[in-house]
Amino acid sequence: MFLQRMIHRVLKPYLQFGALPFKWSRNGSLRVMLLTTRGRKRWMIPKGWPIPGLAPHESAAREAFEEAGLVGYADPKSVGSFRYNKRLGAGRQVRCTVEVFPLHVDHQRPHWLERGERETRWLSAKKAAGLVSEPDLKDILLSFDPKSYLPCNAEFGSSTGDLEPK
């Protein structure tokens, strides 16, 4: 039994939630935001561990707020998932699966929790896909169609995915 639990823990990936922030540029083209990780400065989407009391898409939205100051509407329907190896202290790594939720960004606050620790950049989905390392995240970026996931009448500041601090 002990060995079975240990194998399950080692092989089963940990779950995280991520936001795929997007907006429309002035010329009507789709833009997505990537940010750098704090450690190795790799390009990634905002993501993190589940937050107790929040639905998965709300956890993703909170991560986007903390990591990039983004405020908008997080859709409860996932656009997919990807896996990556998260580095922990002392050379340890854990396998994580990140469930990704679209985040229609209304605005970016001028100040946020991790502003000095990360770089953020708005890009075309194609350019963003060229910067990320994870193959499944590349696929999510290249196939993302916001019209398939967000209701046409989505309002910012709704109770679902509201990013403003409470």
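Begin by selecting Lys41, which lies in the loop between strand 2 and strand 3 (strands are DSSP runs of E with at least two residues, and helices are runs of H or I with at least four, numbered from the N terminus). The model is predicted, so local features are taken at pLDDT of at least 70 and side-chain atom pairs at pLDDT 80 or more, whereas totals for chains, interfaces and linings use all residues. Residues are numbered from 1 along each chain as its sequence is written, and side-chain values use heavy atoms, with hydrogens and water left out.

**Stop 1: Lys41**

Display the backbone of Lys41. Although Lys41 is not a glycine, its phi is positive, at about 60°. Most residues other than glycine have a negative phi. Lys41 counts as partly exposed because its relative accessible area is 44% (buried is under 20%, exposed is over 50% and partly exposed lies in between, with a 1.4 Å probe and protein chains only).

**Stop 2: the whole chain**

Zoom out and colour by secondary structure. The chain contains 4 helices and 8 strands. Followed along the sequence, these elements run α-β-β-β-β-α-β-β-β-β-α-α. Of the 166 residues in the chain, 42% are buried.

**Stop 3: Arg38 and its partners**

Next select Arg38 and Glu114. These two residues form a salt bridge, with the closest N and O atoms 4.0 Å apart (the criterion is a side-chain nitrogen of Lys or Arg within 4 Å of a carboxyl oxygen of Asp or Glu). Side chains of opposite charge can pair when their charged atoms come close.

Which parts of the chain does the pair of Glu114 and Arg38 link? Glu114 is in the loop between strand 7 (93-108) and strand 8 (120-123), while Arg38 is in the loop between strand 2 (30-36) and strand 3 (43-44). The two residues are 76 residues apart. Glu114 is classed as buried because its relative accessible area is 8%. Arg38, at 46%, therefore counts as partly exposed.

A salt bridge joins their side chains at 3.0 Å, N to O. This pair also links distant parts of the chain: Glu117 is in the loop between strand 7 and strand 8, 79 residues from Arg38. With 33% relative accessibility, Glu117 counts as partly exposed.

Is Arg118 buried or exposed? Arg118 is buried, because its relative accessible area is 15%.

To see the network of salt bridges, select Arg38, Glu67, Glu114, Glu117 and Arg118 together; they are linked in it. A search of the whole structure gives 6 salt bridges.

**Stop 4: the largest pocket**

Strand 6 supplies the largest share, 4 residues.

**Stop 5: aromatic rings**

Phe82 counts as buried because its relative accessibility is 0%, and Tyr84 counts as buried at 6%.

Then select Phe22, Trp24 and Phe144, which ring pairs link into a cluster. The structure holds 5 aromatic pairs.

**Stop 6: Gly72 and Asp106**

Finally, select Gly72, which belongs to strand 5 (residues 70-74). Gly72 is buried because its relative accessible area is 3%. Gly72 and Asp106 are 34 residues apart along the chain, and their C-alpha atoms are separated by 4.7 Å.

Technical notes. Phe/Tyr/Trp six-rings, centres within 6.5 Å; stacked < 30°, edge-to-face > 60°.
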